[in-house]
Amino acid sequence: MEDLSIAKTKYTLAVSFSASRGLLEMEGSSYPENAFEFFTPIYEWIQQYVAEIQKPIALNLKFDYLNTSSLKCIIDLFKILESYVEQQGEVVVKWLYEPDDDDMLESGKEFAEDIRVPIIFCPTEEEKPSVD
Amino acid sequence: MFKAEQNVLNEAQLLIEQDRASANESVDAWRSAYIALCDQFASLLRDSMKLTAAGDLSYRRLIKAKEEIERLNRENYHLAIFDSLTEVNNRYYLMDQYGKEFAKALRHDSPLALILIDLDHFKQINDEFGHQVGDEVLRSVSQRIKGQVRQQDTFGRYGGEEFLLILPGIEVADAALVAEKIRTLVSADPFAIGVHKITITISLGLAQFSSTRDVNRDVFLLRADQAMYEAKIRGRNQMVIDGVSP
């Protein structure tokens, strides 16, 4: 199974899914003209992974801004993961947010509610200059 | 995007249509359709609640970002038009206002006066007391002058120790009174800076707009500059009106 990689644009997320590692990463802002169109290959990839690979999934999400359509698409994404969990699949979602961004944390908690997928909230580390 | 939800609704509607056509009641079919609809409705309700909450948060983030941009804009505007040392308007703002006032005077042949102010022997202050004291002198002098400026006037730092006062709607006699008032105010009381008490005098050049002479803004400004230079030559701590002999 091939990896999925979509480059980040001003309006769409960076997507990097590795089949061999089971590591799925999405990052950036999402307000495309057609959110569903953008998310379709993402759903297809995960559905294929779930059907063929059947290994654990680690999904890392770091969002700056999501429009309402993209929010709905993320809800649908969680539903796919939820049914994988119901079929004994292993899924861990990491919701990354800037340490001072309370709204993004709260937003993630809204998503986490009633969803049978474990979500961990992680403030992103500030990059410290290396000291020799 | 709502395809799955739409499918459930379509199936339920189809069942109603079929039932109407055949008048054949199948309790099981009804029950399963009803259950599917309820499930779908519950799921949709859950999603809408999330979407509403997350949407509101998203909107709040946007508003916060917008407010931050507005704050930065205000800050930038302040930095763009004020001199960071003296906190009076800077040269950029002075020249912008001068351009507008000059154009107005030219168009309506309305009165406009310029007073160019230069601190006397400022280099000596820097040499004797150091640059920090020199900076403080600039700050104090400009604040003292600023207190004398009318709402419609523009006052700012023109260069190193040079300041410009733009006075629209004022005749030369009144402008001369303003200049004299500023001169005496600055020299009357010494400035207390740290442990030092420093007496400061200023030289002022006054030019009154003349539609025949001042063909462009540079000429007018140059006349104020020349008058100020004349005040220096005549011994400083005085005001010279351009074109008026002592």
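Author: Let's start with Glu101(B), which touches Leu112(B), Ile166(B) and Pro168(B), not counting residues up to four places away in sequence. Touching, or contact, here means heavy atoms within 4.5 Å. Glu101(B) has its place in helix α3 (residues 91-108) of chain B. Helices (H or I, at least four residues) and strands (E, at least two) are DSSP runs, numbered from the N terminus. Glu101(B) counts as buried, because its relative accessibility is 11%. The scale behind that word is simple: buried means under 20% relative accessible area, exposed over 50%, and partly exposed in between (1.4 Å probe, protein chains only).

Before we go on, a word on what you are looking at. This is a predicted model, in which local features need pLDDT of at least 70 and side-chain atom pairs count only at pLDDT 80 or more, while totals for chains, interfaces and linings use all residues. Residues are numbered from 1 along each chain as its sequence is written, chains are lettered from A and ligands numbered from 1 in the order in which they are written, and side-chain values use heavy atoms, with hydrogens and water left out.

Now follow chain B to Ser110(B), in the loop between α3 and β1 (112-119) of chain B. Leaving aside neighbours within four places in sequence, Ser110(B) is in contact with Lys104(B), Ala105(B) and Phe209(B). Ser110(B) is partly exposed, because its relative accessible area is 24%. From Ser110(B) to Glu68(B) there are 42 residues in sequence and 42 Å in space, C-alpha to C-alpha.

A salt bridge is a side-chain nitrogen of Lys or Arg within 4 Å of a carboxyl oxygen of Asp or Glu. Side chains of opposite charge can pair when their charged atoms come close. Glu68(B) forms such a bridge with Arg71(B), and the closest N and O atoms are 3.0 Å apart. The two are separated by about one helical turn, because Glu68(B) and Arg71(B) are 3 residues apart in helix α2 of chain B. With a relative accessibility of 36%, Glu68(B) counts as partly exposed, and Arg71(B), at 36%, also counts as partly exposed.

Another pair sits in helix α6 (residues 172-188) of chain B, where Glu180(B) and Arg183(B) are 3 residues apart and so about one helical turn from each other. Their side chains meet in a salt bridge (3.0 Å, N to O). Here Glu180(B) is partly exposed at 28%, whereas Arg183(B) counts as buried at 14%.

Next, let's look across to chain A. In this interface, 17 residues of chain B are in contact with 24 residues of chain A. The two chains bury about 1,900 Å² between them, 57% of it on carbon and sulfur atoms. Met1(B), Lys50(B) and Arg61(B) supply 39% of the area that chain B buries against chain A, more than any other three residues. Buried area is the accessible area (1.4 Å probe) that two parts lose on being put together, summed over both.

The largest share of the side of chain B that touches chain A, 14 residues, comes from helix α2 (residues 27-81) of chain B. By class, that side of chain B has 7 nonpolar, 3 polar and 7 charged residues. For these classes, Ala, Val, Leu, Ile, Met, Phe, Trp, Tyr, Cys and Pro count as nonpolar, Asp, Glu, Lys and Arg as charged, and the others, Gly among them, as polar.

Asp47(B) and Lys79(A) also meet through their side chains in a salt bridge (2.5 Å, N to O). This pair crosses between chains, from Asp47(B) in helix α2 of chain B to Lys79(A) in helix α2 (residues 68-86) of chain A. Asp47(B) is buried, because its relative accessible area is 2%, while Lys79(A) counts as partly exposed at 22%. Finally, Glu82(A), Glu86(A), Arg116(A) and Arg46(B) are linked in a network of salt bridges.
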